[in-house]
Amino acid sequence: MQTLDATFSALADPTRRAILMRLAKGDLTVMELAKPFRMSQPAISKHLKVLEEAGLVSTTIRAQERPRRLETAPLKTAIDWIEKYRQIWEKRYQVLDGLLIELQTIQTKGDKKNGNK
């Protein structure tokens with residue numbers, strides 16, 4: 001559960017989500033990641049640290065560069081967790097839909113019996 005908590009905590013920040021979106025297109029260095037943001041490189045590095053601690057980003061070493069890479073396993077865990085609850089709620093909505101249809105049928109029969117349309 002700690003991994004899931006860390007994932008959701010990391011995803012709670014819009015800057016971190018934007019970083020992940022950029023990394024989904026390919027590996028980038030901190031400087032490359034910082035370009036579109038109106039913040040300093042140290043601020044981006046702090047966001048990256050949170051993402052790394054959540055397991056969403058890893059660092060590779062390529063010559064003198066240290067590009068960051070998106071790690072999808074924690075996202076898969078979060079998706080699986082959400083999907084489980086989506087299925088539970090989907091079943092509950094189906095039960096409510098059935099009840100609504102039943103109530104509408106009863107109402108229609110009652111209206112016809114009383115001569116109302």
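Residues are numbered from 1 along each chain as its sequence is written, and side-chain values use heavy atoms, with hydrogens and water left out. Because the model is predicted, local features need pLDDT of at least 70 and side-chain atom pairs count only at pLDDT 80 or more, while totals for chains, interfaces and linings use all residues.

**Helix α2**

Helices are DSSP runs of H or I with at least four residues, strands are runs of E with at least two, and both are numbered from the N terminus. Helix α2 spans residues 14-23, and its buried residues are Thr15, Arg16, Ile19, Leu20 and Leu23. Viewed along the axis of α2, these buried residues fall within an arc of 140°, so they line one face of the helix. The arc is taken from the directions from the helix axis to the C-beta atoms. Buried stands for under 20% relative accessible area, exposed for over 50%, and partly exposed for values in between (1.4 Å probe, protein chains only).

The face of α2 turned away from the buried side carries the exposed residues Pro14 and Met21. The buried residues of α2 pack against helices α1 (2-11), α3 (30-34) and α4 (41-53), and against strands β1 (57-59) and β2 (68-70). At the start of α2, the backbone nitrogen of Thr15 has a side-chain oxygen of Asp13 within 2.8 Å.

**Val57 in strand β1**

Val57 is found in strand β1 and is buried, with a relative accessible area of 5%. Leaving aside residues up to four places away in sequence, Val57 touches Leu20, Leu23, Leu48, Leu51, Glu52, Arg68, Arg69 and Glu71; contact here means heavy atoms within 4.5 Å. Pro42 is 15 residues from Val57 in sequence and 17 Å from Val57 in space, C-alpha to C-alpha.

A nonpolar patch on the surface is formed by Met1, Phe8, Trp81, Ile82, Tyr85, Ile88, Trp89, Tyr93, Leu96, Leu99, Leu103 and Ile106, which together have about 1,200 Å² of accessible area. Patch residues have over 30% relative accessible area and no salt bridge; nonpolar side chains (Val, Leu, Ile, Met, Phe, Trp, Tyr) are joined within 5 Å, and like charges within 9 Å. Accessible areas come from the Shrake-Rupley method with a 1.4 Å probe, and for residues only the protein chains shown count as cover.

Helix α5 (residues 73-113) gives the most to this patch, with 10 residues. Tyr93 lies in α5 and is partly exposed, with a relative accessible area of 47%.

**Salt bridges**

The structure holds 5 salt bridges, each defined by a side-chain nitrogen of Lys or Arg within 4 Å of a carboxyl oxygen of Asp or Glu. Three of them are listed here.

| Salt bridge | N to O distance |
|---|---|
| Glu65 and Arg62 | 3.9 Å |
| Lys76 and Asp80 | 2.8 Å |
| Glu83 and Arg86 | 2.7 Å |

Lys76 and Asp80 both lie in helix α5, 4 residues apart, about one turn of the helix. Glu83 and Arg86 are 3 residues apart in α5, also about one helical turn. In the Lys76 pair, Lys76 is partly exposed at 48% relative accessibility, and Asp80 is partly exposed at 40%. Glu83 is partly exposed at 27%, and Arg86 is partly exposed at 42%. In the remaining tabulated pair, Glu65 is partly exposed at 39% and Arg62 is partly exposed at 45%.

Key:
A polar contact is a pair of N or O atoms within 3.5 Å; within protein, one must be able to donate a hydrogen and the other to accept it, and residues adjacent in sequence count only if both atoms are side-chain atoms.
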